[in-house]
Amino acid sequence: MRVMRGLILLFATAVVPTLASAQTYPSKSDPRNNLKPGRLDAGVAASNMKLLSFTPKPAQFDTVRGLTFVNSDLAFGTHYVYQANFAGFSIWDITDPAKPTMTAVVQCITSQGDPSIYGNLLFISAEGAGNRNDCGSGGVQDPKDHMAGVRIFDVSNPKAPKLVKNVQTCKGSHTHTIVPSPTDPRTIYIYVSGQQAARPETELAGCKNGTDPADPTNSLFQLDIIKVQLDRPEQAKVIPGARVFTGLDGASECMRFCAPADARRAAAGAGRPARPAPDPDMPTGPRNCHDVTAYPALNLLAASCSTHSILVDISNPEKPFRISALADTNNYQGRHTAAFSNDGKKLIQTDEWGGGTGPMCQASSMIELGGNTVISLDAKKKQNQRAYFKLPSAQTAEENCVSHNGGIIPVPGRDLYVQGWYQGGVNIMDFTDPDKAFEIGYFDRGSIDPPKPVDVPAAAAAAQTPGARPRSNTIGGSWGAYYWNGLIFSSELDRGMDILELTPSAQLSANEIAAAKLVTFTDYNPQSQPKMTWPPAFVVVRSYLDQLVRGDGLASDRTAAIYAALDAAEMKSGLARATALNALALQVDKDVAGAKDGARVKTMASEIRRLATASK
């Protein structure tokens with residue numbers, strides 16, 4: 001879900017969390033509560049953002065049969081959005097984001113199909129037993145035709161993508177992340193997160209399941225690495241992997257939020273053959289990761305590995321090593337995806353409690369599971385757990401909802417994270433203060449399915465039919481939501497694709513939105529996080545000033561005077577503008593000592609000087 005397969009766990013009643021939290025969860029009066037259901041006509045609630053366009057799924061994928069045809073993640077390049085699907089991928093031309101047009105639909109059974117783009121190469125993850133080398137449907141009849149790993153497509157002609165290479169890996173690829181070579185611009189590395197056990201050696205030579213994390217021949221206990229020379233992608237190959245799990249113990253014994261015995265599961269398993277007992281020699285620590293996020297500019301990688309958050313040094317991508325690891329103190333067991341703050345001093349770890357298919361955002365759900373944890377990094381990159389954050393609305397029992405994929409919004413002076421919550425919709429979390437994360441915006445629809453009937457004869461009859469299965473809900477909602485070049489893009493599993501636009505409010509000013517739009521990238525893969533920088537601009541300076549007003553970080557008479565001085569300087573040009581700005585910077589320097597938020601005032605003074613230099 002980037003799916004974690006498995007049954008939904010029912011956890012005990014929440015107790016008071018040990019970590020700080022700024023939110024009250026959930027709000028009983030939230031506009032998202034109890035929206036009208038419907039696939040294409042559901043009720044909508046929005047705050048701080050508006051829907052610019054909605055594009056339905058292409059006909060080839062327009063089905064809700066289980067997970068076979070759901071949309072998954074997104075990648076971005078030039079004016080195209082690459083939207084993956086469990087049965088292939090779509091390429092959308094968003095030259096006019098209000099009216100995206102279809103460039104290509106590629107049908108290719110590939111399980112969840114996690115995508116990344118680099119230049120003219122599109123990388124697609126493949127795992128599961130049904131993927132074939134030829135992308136065909138109908139399942140694998142001969143093991144030699146089984147594809148599990150990363151597919152490489154040439155999309156230099158986006159209207160006719162061409163499969164260049166199937167790179168087979170022992171565990172397949174649930175997700176993957178691009179790490180560019182720091183020394184060779186024509187080489188990239190694909191860090192592969194495989195969720196499965198190793199394939200039989202009879203299917204792929206060299207594959208081996210083992211119990212020793214330090215054994216280099218053991219296919220487990222490592223992230224697979226694929227080396228790709230961009231001018232020869234057909235020669236891409238697997239190299240020795242990243243063994244970052246050695247010496248990690250399992251999570252501590254569950255003490256707080258524990259799964260109670262489930263009588264229904266026991267009953268369902270009655271009469272079935274018992275599952276094989278786990279190998280007693282198998283270590284209890286992690287041996288795979290669900291996802292990893294690289295921050296190449298800082299030579300860091302954050303790995304989300306179920307029970308552990310693992311920080312890795314990737315200064316040499318072929319020889320990565322673990323810097324630190326953290327296991328949650330409250331048995332936060334489903335680490336799914338990570339993100340760095342732009343300065344690299346904080347981490348977000350999301351938790352896909354229940355695997356993405358269950359309603360984990362109900363009023364009865366707990367804040368400590370199924371949301372985000374904010375982690376700070378000290379000077380030695382040791383991880384320190386801080387606050388929890390959970391979607392603060394009460395979603396219905398018909399809506400699969402849990403924390404999922406997202407990315408940073410480039411507002412200077414703030415740490416903002418936009419993400420998808422499946423049928424919980426899209427929201428924006430401010431984690432500037434790692435102890436007080438809070439929501440500043442959202443977009444949500446009502447459930448795809450209506451509530452289940454109660455006391456209806458057909459429902460009663462079904463309940464009395466031996467072996468009858470209850471009606472299941474449609475799996476849908478936002479797989480991931482990402483800010484790219486001024487807009488927010490959300491991949492909707494069942495419905496299609498949403499493009500959203502930020503709108504100003506008391507929580508997010510017009511200057512902050514304009515400053516964010518100054519940060520643009522040709523290619524963008526959210527799990528290969530780029531460093532964001534802003535050109536010198538009046539909206540950047542005013543963003544810091546708006547934040548000082550919002551947070552009461554500087555006396556109101558001074559903020560009013562600074563606004564006026566900026567307006568006056570902007571009316572000038574050349575040397576006159578630079579002179580006025582330098583004079584203003586000297587005045588702002590004097591404000592630092594007496595300000596409630598002196599650090600922000602100091603940064604604003606630096607931005608004023610940077611703008612003055614650019615004005616000469």
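Reply: A crossing is left-handed if the near helix is turned anticlockwise from the far one by less than a right angle, and right-handed if clockwise. The model is a predicted one, and with that convention H5 passes H6 in a crossing that is left-handed.

Me: How are H5 and H6 oriented to each other, roughly parallel or roughly antiparallel?
Reply: The axes of helix H5 (residues 556-570) and helix H6 (residues 574-591) come within 9 Å and cross at roughly 165 degrees. Angles over 145 degrees count as roughly antiparallel, and H5 and H6 are therefore roughly antiparallel.

Me: How many residues of the contact of H5 with H6 are charged?
Reply: On the H5 side the contact includes Arg 558 and Glu 570, and on the H6 side it includes Arg 577 and Asp 591. The residues of this contact of H5 with H6 divide into eight nonpolar, one polar and, as charged residues, four.

Me: At roughly what angle do the axes of H4 and H7 cross?
Reply: H4 spans residues 538-550 and H7 spans residues 598-615, and their axes come within 9 Å, crossing at roughly 165 degrees. That angle makes H4 roughly antiparallel to H7.

Me: How many residues of the contact of H4 with H7 are nonpolar?
Reply: From H4, residues including Phe 538, Val 541, Leu 545 and Leu 548 take part, and they meet a set in H7 that includes Val 601, Met 604, Ile 608 and Leu 611. In the contact of H4 with H7 two residues are polar, two are charged and, as nonpolar, there are ten.

Definitions and conventions:
Residues are numbered from 1 along each chain as its sequence is written. This is a predicted model: local features need pLDDT of at least 70, side-chain atom pairs count only at pLDDT 80 or more; totals for chains, interfaces and linings use all residues. Side-chain values use heavy atoms; hydrogens and water are left out. Axes are lines fitted to C-alpha atoms, for helices over the stretch in contact, and angles run from 0 to 180 degrees between N-to-C directions. Helices (H or I, at least four residues) and strands (E, at least two) are DSSP runs, numbered from the N terminus. Angles under 35 degrees count as roughly parallel, over 145 as roughly antiparallel, 65 to 115 as roughly perpendicular and the rest as oblique. Contact means heavy atoms within 4.5 Å. Ala, Val, Leu, Ile, Met, Phe, Trp, Tyr, Cys and Pro count as nonpolar, Asp, Glu, Lys and Arg as charged, and the others, Gly among them, as polar.
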